[in-house]
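Take a look at the fold below. This report goes through its sheet, its helices and a few single residues.

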Amino acid sequence: MAKEKRAIIIDNDIKDYLDYLEQERRLPENTIKSYRQNLESIAYFINKRIIDKNVWLQDSLKKPLRPLASITKNEIKEYIQFLEAASVTKSHHLTVLKSFFKYLSITKYIVKNPTEAIRSPKVEKKLPKYLTEDEINQLLDIRLTKPVDYRNKAMLEVLYATGLRISELLNLELNQISFEECFIKVMGKGRKERIIPVADTALYFLKLYIYDYRKYFTGNKTSNYVFLNRYGNKLSRKSFFLFLKEQCKKAGIEKEISPHTIRHTFATHLLNNGADLRIIQELLGHENLSTTEIYSHISNERIKKDYENHPRAKKENGIN
């Protein structure tokens, strides 16, 4: 479905909703883009049959034939079933629709919300991947010879020391760092500010990069962003992913990891070393504790695995 040509122009309700997400909710650009794509997909779905019967409309369409607000409960169910995707993706599409209609209920006073009685598909909770302490030490073991090495070393040390999201790391500005107080100030999801302490090792390499090596990236430019590319611009997500992939290869780490894996590693290692779950919640910037509780499942899985090494833990001699 994603590969088909879509002739749907989104309606004013969708435009208003996306403006609300950007201006009032202040959601990140990537989140708004994801919501827009989901809503475009649903709008296309409810208009496609009309277009199929009137092929001439494909090139002359100036507005939606049916606004998204007209979608029915049965059509929503049909759309969710139609998606060739995992339960978590279907659940996300439904979450976006529910949010859209909640917005309409408040601002447009719609008579009936078609999403109210629809339950999200059951999503199996997968334990997030994380690195062992040996693996993270291997990953952080970067040979420092060029300015780019010092930049990369600082990025990884900060990620592991703080559990930042990759967007938070790449959007980090110089004025958000306090070397005196040993913390960084982060603007997270929903423009919510949080203050995160930074460990001495990460602080050392961050300071080293900023004061001794960052100048090799700025050139004649002026930038407030901490981590820059060779042109003096903010480092992109793609560049970070490429570096991380290459560093994993050098470190001999065969796991498929992403920047979020380091965030999971930060939280898991904190919990394994006795940190309180609510403190981890605050450091990660999770709105609900239930989101953070996934790490207690990881800890429990590790405990169970370790217990299997007990001489009496395995079934022997036909004893059940």
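## The sheet

Two strands pair if DSSP finds at least two bridges between them. Strands (E, at least two residues) and helices (H or I, at least four) are DSSP runs, numbered from the N terminus. In this predicted model, 3 strands form an open sheet in the order E1-E2-E3, and the pairing is antiparallel. Strand E1 (177-178) and strand E3 (193-197) stand at the edges. Each has a single partner strand, so one side of each is left without a neighbour in the sheet.

Strand E2 (residues 183-187) pairs with E3 over 5 bridges, in the antiparallel sense. Phe183 stands opposite Pro197 in E3. Lys185 stands opposite Ile195 in E3. E3 also has two faces: Arg194 and Ile196 make up the covered one, while Glu193, Ile195 and Pro197 make up the uncovered one.

## How to read the model

Residues are numbered from 1 along each chain as its sequence is written, and side-chain values use heavy atoms, with hydrogens and water left out. Because the model is predicted, local features need pLDDT of at least 70 and side-chain atom pairs count only at pLDDT 80 or more, while totals for chains, interfaces and linings use all residues.

## The chain as a whole

The secondary structure of the chain comes to 15 helices and 3 strands. Buried means under 20% relative accessible area, exposed means over 50%, and partly exposed lies in between (1.4 Å probe, protein chains only). Of the 320 residues of the chain, 41% count as buried.

Contact means heavy atoms within 4.5 Å. Take the contacts in the chain between residues at least 6 apart in sequence: 62% of them join residues at least 24 apart.

## Helix H7 and its partners

Two helix pairs come next. Axes are lines fitted to C-alpha atoms, for helices over the stretch in contact, and angles run from 0 to 180 degrees between N-to-C directions. Angles under 35 degrees count as roughly parallel, over 145 as roughly antiparallel, 65 to 115 as roughly perpendicular and the rest as oblique. The axes of helix H7 (residues 147-162) and helix H12 (residues 259-272) come within 7 Å and cross at roughly 45°. H7 and H12 are therefore oblique to each other. H7 brings Leu156, Leu159, Tyr160, Ala161 and Thr162 to the contact. H12 brings Ile262, Thr265, Phe266 and His269. By class, this contact of H7 with H12 has 6 nonpolar, 3 polar and no charged residues. Here Ala, Val, Leu, Ile, Met, Phe, Trp, Tyr, Cys and Pro count as nonpolar, Asp, Glu, Lys and Arg as charged, and the others, Gly among them, as polar.

Helix H6 (residues 133-140) also meets H7. Their axes come within 10 Å and cross at roughly 155°. That makes H6 roughly antiparallel to H7. Ile136, Leu139 and Leu140 in H6 meet Lys153, Leu156, Glu157 and Tyr160 in H7. The contact of H6 with H7 has 5 nonpolar, no polar and 2 charged residues.

Leaving aside its neighbours within four places in sequence, Thr261 is in contact with Lys129, Tyr130 and Leu131. Thr261 and Leu131 are 130 residues apart in sequence and 7.4 Å apart in space, C-alpha to C-alpha.

Lys102 is found in helix H5 (residues 87-107). At 56% relative accessibility, Lys102 counts as exposed. Glu116 is 14 residues from Lys102 along the chain, and their C-alpha atoms are separated by 9.3 Å.

## Positive phi and the cysteines

Most residues other than glycine have a negative phi. Arg26 is not a glycine, yet has a positive phi of about 55°. Arg26 is found in the loop between helix H1 (12-23) and helix H2 (29-53). Arg26 is partly exposed, with a relative accessible area of 47%.

Cys182 lies in the loop between E1 and E2. Phi of Cys182 is near 60°, a positive value in a residue other than glycine. Cys182 is partly exposed, at 28% relative accessible area, whereas Cys248 counts as buried at 6%. The structure holds 0 disulfides (pairs of cysteine sulfur atoms within 2.5 Å).
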